[in-house]
Amino acid sequence: MPYGENAKDSKPLLHNNNSAMKPINVKEKFSKFSKQWHPHQIATVDTMQVILAKIQGEFVWHSHDNEDELFFVQKGTLEMHFRDRVEIVKEGEIIVVPKGVEHCPKSQGDEEVHVLLFEQLKTKHTGDVQHEKTQTEYPKI
Ligand code: NI
């Protein structure tokens, strides 16, 4: 079909993601919530989402059978515990947890750590593990 034909059937360039096409200040978004271990969504990218979490102490051992999970440390130092080792992830660093690998994020020391995660929209917070920390709804901020 020639370009421009049937234009009325083409999809508009607008979509329902309010945050799209505007700069997002991550630090400012972190200031909008204080609840720990409760991810907040700041953007979507196709089937992926960008979420923020404040963590302190130890999370829950879990894995995601079919999805990788990326963690970016915005503030503080994250300990990513694996069954065979611990990786220290410092401010400004990223770590990717491959699908199927058990992991347990933990803050180093007593400080609150600010983490940005990039993962599939369908990724469950604690995989198949049910825990009091498990969240199913991530507020959009
Ligand atoms: Ni995980």
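Two strands are said to pair if DSSP finds at least two bridges between them. Helices (H or I, at least four residues) and strands (E, at least two) are DSSP runs, numbered from the N terminus.

The structure is a predicted model, in which local features need pLDDT of at least 70 and side-chain atom pairs count only at pLDDT 80 or more, while totals for chains, interfaces and linings use all residues. Residues are numbered from 1 along each chain as its sequence is written.

The protein chain holds one helix and eight strands, and its order along the sequence is α-β-β-β-β-β-β-β-β. Of the contacts with a separation of 6 or more, 66% join residues 24 or more positions apart; a contact requires C-beta atoms, placed from the backbone, within 7 Å.

Strand E2 (residues 48–55) has pairings with E1 and with E8, as listed below.

| Pair | Sense | Bridges | Bridge or facing residues |
|---|---|---|---|
| E2 and E8 (residues 113–120) | antiparallel | eight bridges | Met48 with Gln120 |

E1 and E2 form a hairpin with two residues between them. In this turn, Asp46 has a positive phi of about 50°.

Burial is assigned by counting other C-beta atoms, placed from the backbone, within 10 Å of a residue's own: 20 or more make it buried, 12 or fewer exposed, and values in between partly exposed. Seven of the eight residues in E2 are buried, whereas buried residues make up 20% of the 141 residues in the protein chain.

Conventions
Two residues are in contact if their C-beta atoms, placed from the backbone, lie within 7 Å.
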